[in-house]
Amino acid sequence: MAEKDYIQQRLDKIKKIRESGIEPYAYKYSRSHTSNKIQETFSRLQGEEQSDVSVGVVGRLAAYRAHGKTIFIQLQDETGRVQVYFRADELGPERFELVKQLDVGDFLGAKGSVFRTRTGELTIRAADFALLAKAIRPMPEKWHGLKDVELRYRQRYLDILSNEHSRNIFMVRSRVVKEIRNYLDNLGFMEVETPMMQPLPGGAAARPFMTHHNALNRDLYLRVAPELYLKRLLVGGFEKIFEMNRSFRNEGISTMHNPEFTMLEIYQAYVDGNAMMELMEKLVLYLVKTMHGGQTLSYQGQDLDLKVPWHRLGYTDAIKEQTGIDIWQQTPERLVAICQEHGLEPPAKAGRVELVELLFESLVEPKLIQPTFIIDFPLELSPLAKQKAGAPDFADRFEPYLAGHEIANGFSELNDPLEQRRRFELQMQKRAQGDEEAQMLDEDFIRALEYGMPPAGGLGIGIDRLVMLLTDSASIREVILFPQLRQAANVRNEPDNPEKE
RNA sequence: GGGUGCUUAGCUCAGCUGGUAGAGCAGCUGACUCUUAAUCAGCGGGCCACAGGUUCGAUCCCUGUAGCACCCA
């Protein structure tokens with residue numbers, strides 16, 4: 001049946017219901033038990049036994065089974081489903097007629113005693129009920145749910161109401177975020193909020209979104225990272241801080257990238273990157289234990305063992321393991337040849353470090369299945385990290401990899417203002433040469449460093465990717481409630497008139 | 001950015017070598033006072049993503065566009 005006919009049928013029902021003196025969009029209903037509470041509280045009921053108390057439940061009508069003068073429905077609330085039983089002889093003809101006007105998708109409240117049916121299901125025998133909200137569109141298929149990936153993302157409400165798996169992912173996500181806050185709180189970290197709208201987008205190699213503030217008449221950028229503001233707070237004397245919130249990168253969309261994503265950044269004064277590595281591995285192990293009860297995780301058919309300490313492997317050594325070559329001993333021409341031998345096509349103007357980076361991302365990353373910290377990154381790729389002691393071309397920096405994906409990034413924070421200025425200047429040179437991801441010199445940040453920043457370790461964790469691991473999700477879109485999509489071809493409310501009030 | 005695939009009823013999906021489309025769920029009508037994807041009988045529902053082309057004739061073949069998915073850079 002055509003969509004408009006469904007809606008017309010429902011509208012006709014609403015008219016009929018209103019004519020009988022009932023408002024189909026109620027204000028409230030008094031609930032005494034959630035669905036799962038019904039199961040817990042009355043599990044002892046046996047045989048013909050019936051509860052002497054009356055309970056009130058609410059939810060969306062999820063299943064409707066009519067048998068002449070009796071009707072069974074299932075109400076779905078956030079905790080699960082509970083069955084409600086309507087009898088014509090107990091409700092009277094008028095009330096029973098209203099039950100017949102109900103559709104799957106409507107919100108209802110019902111009151112009555114609890115009993116167990118012949119088939120053993122705990123059921124509420126409705127003494128009274130109320131329509132709370134009438135749905136005028138048909139729900140997704142009751143058995144298969146909503147399968148169409150595009151619809152699942154565009155109309156996520158349908159996905160979470162009809163697919164338990166999706167619903168569960170977002171409940172896990174919520175718990176992960178909560179447990180992280182808990183964990184850090186217990187360690188004495190303070191949560192802070194720094195600007196998402198920044199005059200200069202700093203803290204990561206990424207292209208920003210730009211916006212404009214009318215009253216100030218100035219361009220602002222959505223942050224690509226909170227890093228430079230959090231470090232200003234270290235200057236200010238806060239010693240253990242974190243921020244867990246959105247950052248924005250104006251880049252491609254993929255199974256691992258959404259333009260807006262959630263990042264946790266943690267900074268601790270007077271420690272170095274090693275302390276942050278330990279914090280990282282212990283935090284993840286804690287989450288896995290809390291969520292899954294063990295120290296292993298199954299992700300996309302791979303078993304990951306999160307026991308600490310995780311493997312540490314040097315950046316250079318990691319490439320050597322995969323290629324057998326010490327990359328720093330090779331000429332750029334030789335590096336291009338090595339790339340090509342592995343089926344890679346380096347961009348024409350790629351310099352030495354870009355070639356090395358390409359080799360690392362293509363040949364090493366996918367092999368890093370079990371938890372591994374890659375350490376000692378090339379300094380040129382790490383403009384905000386402190387040099388490695390005794391190895392000035394390398395940074396005291398690490399990235400943990402799980403299942404072939406980078407899930408965090410951290411280092412001993414560079415706190416030498418002169419060295420930081422030099423690094424920014426190198427970035428600006430790259431920028432002048434056309435590298436749009438190179439970082440911009442932030443004078444205000446340098447000035448803060450000039451007042452003195454304590455030595456500190458910093459760590460940034462991609463929360464979306466972490467949730468992917470913990471929920472065995474193959475795409476970042478599965479763990480973001482409303483992922484960014486292209487404009488649908490057939491949407492009706494196109495925002496060509498955003499001024500409507 | 002490149003390649004491959006998908007798009008058919010509100011939803012889940014069939015549709016052969018080109019001959020104007022099917023099922024289940026959902027819906028409507030009727031039967032049914034303990035059902036569990038209730039059952040039984042009947043009925044309705046389609047811009048076959050969109051725009052062109054080839055053809056006597058296109059859901060099907062070709063080209064383009066859009067969205068989505070996967071792979072590659």
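Reader: Why does Trp 328 count as partly exposed?
Author: Its relative accessibility is 24%. Buried means under 20% relative accessible area, exposed over 50%, and partly exposed in between (1.4 Å probe, protein chains only), so Trp 328 counts as partly exposed. The model is predicted: local features need pLDDT of at least 70, side-chain atom pairs count only at pLDDT 80 or more, and totals for chains, interfaces and linings use all residues. Residues are numbered from 1 along each chain as its sequence is written, chains are lettered from A and ligands numbered from 1 in the order in which they are written, and side-chain values use heavy atoms, leaving out hydrogens and water.

Reader: Is Phe 394 buried or exposed, and why?
Author: Phe 394 has 19% relative accessibility, so it counts as buried.

Reader: What makes the pair of Trp 328 and Phe 394 edge-to-face?
Author: Rings of Phe, Tyr and Trp (its six-membered ring) pair if their centres lie within 6.5 Å; planes under 30 degrees apart count as stacked, over 60 as edge-to-face and the rest as tilted. The centres of Trp 328 and Phe 394 are 5.8 Å apart with the planes at 85 degrees, so this pair is edge-to-face.

Reader: How many aromatic pairs does the structure hold?
Author: There are 12. One of them joins Tyr 183 and Tyr 286, with 4.9 Å centre to centre and 40 degrees between the planes, and is tilted.

Reader: Why does Tyr 183 count as buried?
Author: Because its relative accessibility is 16%, Tyr 183 counts as buried. Tyr 286, at 28%, counts as partly exposed.
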